[in-house]
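Me: Could you help me learn to read the model I have open? I would like to take it one feature at a time.

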Amino acid sequence: MGVEIRVEGLTKSFGRQVIWEDVTLTLPAGEISVLLGPSGTGKSVFLKTMVGLLKPDRGHCWIGDKDMPNLREHDMYEVRKLFGVLFQDGALFGSMNLYDNVAFPLREHTRKSESEVRRIVMEKMEMVGLVGAENKLPGEISGGMKKRAGLARALVLDPEIILCDEPDSGLDPVRTAYLNQLIVDLNAEIDATFLIVTHDINTARTVPDNIGLLFLRQLVMFGPREMLLSSEEPVVRQFLNARRVGPIGMSEEKDISELEAEARLGRDPGELPPIPPQLMTSDGRIRRTQRPPGEWLRTHGVTAPPGSFIDEMGRDWLQEWPRYIAAMSAGAGQHPEGAR
Amino acid sequence: MARAGKVADGVANVTLREPGRFFALSLDTFRAMFKWPFQWQEFLQQAWFIVSVTVAPTIMVAIPFGAVLSLQVGNLIRQLGAQSQTGSTAVLAIVREASPIVTALLIAAAAGSAICADLGARKIREEIDAMEVLGINPLHRLVVPRVLACAFVGLFLNGIVSVVGIAGGYVFNVMLQGGTPGAYIASFNGLAQLSDLYQAEVKAVVFGVTAALVASYKGLTASGGPKGVGDAVNQTVVIAAMALFVENFVLSALYFQLVPQKGM
């Protein structure tokens, strides 16, 4: 069971440079959230502030009933045991091989026997596809492998909150797809609260329950996936559709003359693209926090762009959903059409 | 105005903030020293590592140090006609002052730079952050064993410098300056006393702790990629060397005040 995280009015600056201010959001327990933002908007800083590695100027970050930035050091180390964090480059210990890296948290925090440690480590290594590389040192493997090993280490204590800093950067599209599937499956299995920082638009559009967007020192929007994917807000729309037309420029925001030139040339952001269906678990299980497709749009009276919720096999998930739920609750096994 | 503000900021940084943070780290390290379990493996590895980077240079520095002392003092003493006291001056100079100084330099330069580079590299690879997130205090895990290892090794380095320095002085004096072995050895404890050795050992321990703390502080606060680590190592050597010389002066002054000297 994951933990709810409530961030209230969090502000962080380095010297006179404000990174972001008054960030307020709630990561609901057990849900997958994605944090987006152009490079350099302080997404990694946000993750580090959440785990107490950086101290914010003001604001709160409630992990359950503990306010992380205002905890004493000893209590902070206790609360951190709830977290599994995947750092940008994996942050593996360079002096240990992959096996010892993944076993490290187990050996430090549990009294498990070495054979039990071995079983758990090998299970996680298999999960991230690193069996056979246990004896390699971090310096001897590729960036993608480091990242997967870092993920295995983050998962080894079955954390209740998982933070991933760009899990997909440096991975090929196939591995990214596997990793996304792994995140969704893990969420179904351990019901942890996920926050993923990413630049991969496909990941952001299909994996999470919630999306947040940081731009120009502000949290522009945070809410359910369908809310952001159907949003007309220019920044959100530009970013989630990876367009050049919009307020985000090459270096932070565009100036007025650039925006006027854009309007003169008649460049508009175009129609909203269809909203893709959310990624399902590979074995057909329904995640505890999974919402039916189109639910948010329906309850808020928003019309989905044409072609929404149709997957690559041509199934319309608005139609498919009731049948899928019925089949899953009746059969309690495989999806009628097999795993996707 | 803005420039004055910047200068004031810089001055405050150097005089207050940085020393403040350094002492905070030192205090936290001291507290972490008494936490169970002690990291024996890390301590032994680090001690061995420090030995491996310091012993050879220490010996290489100690030999000419002993020789140059004999050269300086030997001539003067011969002119004064006190050749029978050559040994006592060499022992006094080496045990009391030269060996702590050589130890200080070697610990700051060889051990300090190595510790800072190691921790700095870990810091910029986010290993330190990862460790904290995994619920492990890097001060307890990494800094405490390094500080203690440095102090422990400093103790023995001081001994090595004393022995090698005196042997170097002996060889130089007897073989090249025409001194007599008997005079050198007979006057061994003419001026020096056992408490001189004790104070030198105390100094070595204090130097070891200081150098390791400075190196750890600089390493753990390194930022800005590989260049940042390089800068941190450079600053470690400079700051540690300066700090050790100041400490050496303070400890010597204290020693002369507290312990009565022979023949005074």
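Me: Which residue is the bridge partner of A:W62 in strand 5 of chain A?

Reply: Strands of a sheet pair through backbone hydrogen bonds, either parallel or antiparallel. Here, in a model that is predicted, A:W62 has A:D67 as its bridge partner in strand 5 of chain A. Strand 4 (residues 58-63) and strand 5 of chain A are joined by 2 bridges and run antiparallel.

Me: In what order do the 4 strands of that open sheet in chain A come?

Reply: The order is 2-1-4-5, with antiparallel pairing. At the edges are strand 2 (17-27) and strand 5 (66-67) of chain A, each pairing on one side only.

Me: Which strands does helix 1 of chain A lie across?

Reply: Helix 1 (residues 43-50) of chain A lies across strand 1 (5-14), strand 2 and strand 4 of chain A. Relative to strand 1 of chain A, helix 1 runs at about 120°.

Me: Let's turn to chain B. What span should helix 5 of chain B have?

Reply: At 1.5 Å a residue, the 39 residues of helix 5 (residues 138-176) of chain B should span 57 Å. The end C-alpha atoms of this helix are 53 Å apart, which agrees.

Me: Where in helix 5 of chain B does the kink lie?

Reply: Look at B:V144, shortly before the proline B:P145: the kink there is about 30°. After helix 5 of chain B comes B:G178, with a positive phi near 75°.

Me: Is B:E126 buried or exposed?

Reply: Count C-beta neighbours: 20 or more within 10 Å makes a residue buried. B:E126 has 22 inside 10 Å, so it counts as buried. A:R217 has 18, so A:R217 counts as partly exposed.

Me: Finally, how many residues of chain A are in contact with chain B?

Reply: 17 residues of chain A are in contact with 11 residues of chain B. Helix 3 of chain A gives the largest share of the chain A side, 4 residues. That side divides into 10 nonpolar, 2 polar and 5 charged residues.

Key:
Residues are numbered from 1 along each chain as its sequence is written. Chains are lettered from A and ligands numbered from 1 in the order in which they are written. This is a predicted model: local features need pLDDT of at least 70, side-chain atom pairs count only at pLDDT 80 or more; totals for chains, interfaces and linings use all residues. Two residues are in contact if their C-beta atoms, placed from the backbone, lie within 7 Å. Ala, Val, Leu, Ile, Met, Phe, Trp, Tyr, Cys and Pro count as nonpolar, Asp, Glu, Lys and Arg as charged, and the others, Gly among them, as polar. Two strands pair if DSSP finds at least two bridges between them. Axes are lines fitted to C-alpha atoms, for helices over the stretch in contact, and angles run from 0 to 180 degrees between N-to-C directions. The expected span of a helix is 1.5 Å times one less than its number of residues. The bend at a residue is the angle between axes fitted to the seven residues ending there and the seven starting there. A residue is buried if 20 or more other C-beta atoms lie within 10 Å of its own, exposed if 12 or fewer, and partly exposed in between; C-beta atoms are placed from the backbone.
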